[in-house]
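Let's take a walk through this model together, a few spots at a time. Keep the 3D view open and follow along.

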Amino acid sequence: MPSVILPPKENALFKRILRCYEHKQYRNGLKFCKQILSNPKFAEHGETLAMKGLTLNCLGKKEDAYELVRRGLRNDLKSHVCWHVYGLLQRSDKKYDEAIKCYRNALKWDKDNLQILRDLSLLQIQMRDLEGYRETRYQLLQLRPAQRASWIGYAVAYHLLEDFEMAAKIVEEFRKTQQTSPDKVDYEYSELLLYQNQILREAGLHKEALDHLNNYEKQMCDKLAVEETRGELLLKLERPEEASEIYRRLLERNPENWAYYQGLEKALKPGSIEEHHKIYEESWVKFPRGLVPRRLPLNFLTGEKFQECLDSYLRMNFTKGCPPVFTTLKSLYTDREKVTIIEELVLGYENCLKSSRLFSENDDGKEEPPTTLLWVQYFLAQHFDFIGKAGLALEYINTAIDSTPTLIELFLVKAKIYKHAGNIKEAARWMDEAQALDTADRFINSKCAKYMLKAGLVKEAEEMCSKFTREGTSAVENLNEMQCMWFQTECALAYKAMNMFGEALKKCHEIERHFVEITDDQFDFHTYCMRKMTLRSYVDLLKLEDILRQHPFYYKAARTAIQIYLALHDKPLTDDNKESQADAENLTDKELKKLRNKQRRAQKKAQLEEEKKNAEKEKQLKNQKKKKEEDDEEIGGPKEELIPDKLAKPENPLEEAVKFLIPLKNLVRNKIETHLLAFEIYFRKEKYLLMLQSIKRAVAIEPSNPWLHQCLVRFFKKASESADLAEAVRTVLKQEISRLFGDSNPQSFNKNYLSRHSNCIPHRLAAAKMMVYLEPSSDKMACEIATALAESLSGRSIQICSEVLEALRSGQLGEGQQKAAEAYRATCHKIYPYSLAFMPPGYQDNSTTISANGDLSAGEHDDLAHEM
């Protein structure tokens, strides 16, 4: 109870304050607060002060809000309203643990307050305090047993605690209270039944789940889910005949669903490849136009049977003109025998189609249309690109483009070939050419922007995206608002490649904010899903949110941010002015004059860009002013602005890196890179036990990984040389080092690794780097080991060769390796003639440049290809 009770007039005003808050009429609410507080008797009325603070918080005045709410609380510590308001304030600041404490204090003074209990339950489920959530839902059920949300919330609490039996009982008790006729279609009741069935299945009660499904089938609206669930249950109950009937019915409904064929296979349990094949032969008769029943047998067939099946599958696709046919066969490329058959068969098609317009000379059928040859060449281009024959791939795609210069897919593949061949700039040009053919296609626009970013053309990529973003705002802002994370990820990588670490970190932090927002968005669903009964989707949402940061977008952003923070720790950014002054002292008068002119031009250019930016900003501010006035009530006020210069000069880069690392350590444990990044951070922090933990986890995943080998050697050396360690730490390290490395020393451990993996280039590079790290005098030998490029060696790729070249240039394989680096570059250039990484020193990209309107400027498109 509040310590000061307001008289009727002020009490009526207080109720109006509450109403104004609920209806987001914050200005009016403040007027009523003023009326109460201007009365000297109630100038320090706790609840009114608290409500005034809450209202100010909604208007973005956070500091004033906190001051008023705390003052109100001090004046009335026994008021549930003050504690509740303080909790709401903490919640708006995302301090959920503190908010829960406040709600619990509020309940001490008003234990049956429904609103506080509901708010508390929301925070408990948000924070996954499931035990607390169950207790709160039980209180709500006791207070409001007639409300269905009370029953459902209580059942969900048991479900999430994996007490499936109790959850099923609660749902069943609630179901009995629902008066619905068996013939009436009620979507919400149907969802309740399907949710109940899901609980029974998760409890492992397959027989009961099947009986439940059969009893209530008529009242379930999602007929497809019913059939699919029945098929799964029959398989688990080992009733294959009934299951096969179900899957055959499902196939009639959708013959292109892979899962149904897999279900049918499990039900029929074919003993031999012939029986296995027979299942699909029956499907060919039933579904003569079906592609999936012709594709799936290619996974298990071999030899002649494989060729026959592949022949009919490819003919159907080529005649039809089906662009993704190569993508559907890509998974077969792990089997060399199958790759050879595919190549021979499609080359045979090409020869026959050129000479007689038939797939084979023995065919008696009608002639194929000219487009069939085009799709065959399109396929061959992708095939040769995938097996690393860029020259042949370009020949085929150029032939196809010459015959049909208006087909966008051909330009897409040509861009991909150049990308895989290591020439991303040429790839971006061809992707831009594809985009110019259809400027209304958003997919091509996005692809083009992505390639531009990979080529380091950030401004051009932004202009490309602006064709599909909202007018009046800059493309970058709009893409951030729309949580367009592929763009931000690629931007971060592009800025990182250009050593613009501040800009790259800004993008990484923006992505991190999106994931925080997605987590906070759960709040909207905790009450909505109970009300609308979409319970299956709700439980799936909660499970997804628990592993949200496993998503590749987060992983890429976190990895990029960690790598940048490590680089900033190793080599912090210095003041540009000091650097330029130091450089100027070493220059002659002539060079100094040149430098001054260059700086003047750069300054002028920067000034013009700044003016342009300011004009654009003014325009945006005018457009946003209206919106801001409407959104005044947004809780929590504006977010802290991300300033690239500030981000690039953190006080403690390693602590910032750890913030990105923790979600990866919790959720992406199965990736070796997570543990190796952790090692790199802890190595710099000199945390020996955490280093040990990281490498032990990495060894369990992939013991022969080249990066891991470098980490092991560095750890071994550092641990051996460390003198000032605690006795307990030293004992643990000694014990674990003997387990990991045996009786060897770092040098012999490195030699053994090299002898075990002497036929693999990445492993040789890792061993060579460690050789120089341990003994700088062994640089010549290390250089020979790392630069070997014999065809018998595995793991040769553009990326690995680039890493070797970078190691030679940066001194990781010994100082003064310029000659060796140039010789290695020339050798790589012969192997990968299109790759920009291995072009001669004086090479200039003289081919065409990309203009802002999305066209290639005049010039010969294939200068580079002819040159090669």
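Glu686 is partly exposed, with a relative accessible area of 48%; here buried means under 20% relative accessible area, exposed over 50%, and partly exposed in between, using a 1.4 Å probe and protein chains only. You'll find Glu686 in the loop between α37 and α38, and its phi is near 60°, a positive value in a residue other than glycine. Helices here are DSSP runs (H or I, at least four residues), numbered from the N terminus.

Before going on, a word on ground rules: this is a predicted model, with local features needing pLDDT of at least 70 and side-chain atom pairs counting only at pLDDT 80 or more, while totals for chains, interfaces and linings use all residues. Residues are numbered from 1 along each chain as its sequence is written, and side-chain values use heavy atoms, leaving out hydrogens and water.

Lys24 also has a positive phi near 60° without being a glycine. Look for Lys24 in the loop between α1 (8–22) and α2 (26–37); at 51% relative accessibility, Lys24 counts as exposed.

Now go back to α38, residues 688–701. With 14 residues at 1.5 Å a residue, α38 should span 20 Å, and its end C-alpha atoms are 20 Å apart, which agrees (the expected span is 1.5 Å times one less than the number of residues). Its buried residues are Tyr688, Met691, Leu692, Ser694, Ile695 and Ala698. Seen down the axis of α38, they fall within an arc of 165°, so they line one face of the helix; the arc is that of the directions from the helix axis to the C-beta atoms. Covering that buried set are, among others, α37 (672–685), α39 and α40, where contact means heavy atoms within 4.5 Å.

Further along is α41, residues 746–756, where Pro746, Phe749, Asn750, Tyr753 and Leu754 are buried. Viewed down the axis of α41, these fall within an arc of 135°, so they too line one face of the helix. On the other side of α41, Lys751, Ser755 and Arg756 are exposed. The cover over the buried residues of α41 includes α39 (706–721), α40 (727–741), α42 (761–774) and α43 (779–786).

What about the aromatics? Rings of Phe, Tyr and Trp (its six-membered ring) pair if their centres lie within 6.5 Å; planes under 30 degrees apart count as stacked, over 60 as edge-to-face and the rest as tilted. By that rule the count comes to 24 aromatic pairs. In one of them, the rings of Phe326 and Phe379 have centres 5.6 Å apart and planes at 75°, so the pair is edge-to-face. This pair links distant parts of the chain, 53 residues apart: Phe326 is in α19 (325–329) and Phe379 in α21 (370–386). Both Phe326 and Phe379 are buried. Trp375 and Tyr378 have ring centres 5.3 Å apart and planes at 90°, so that pair is edge-to-face. Being 3 residues apart in α21, Trp375 and Tyr378 are separated by about one helical turn.

Finally, how many disulfides does a search of the whole structure find? The search finds 0, a disulfide being a pair of cysteine sulfur atoms within 2.5 Å. For Cys221, the nearest cysteine sulfur, that of Cys529, is 17 Å away.

Definitions and conventions
Helix = DSSP H or I, 4+ residues; strand = E, 2+ residues; numbered from the N terminus.
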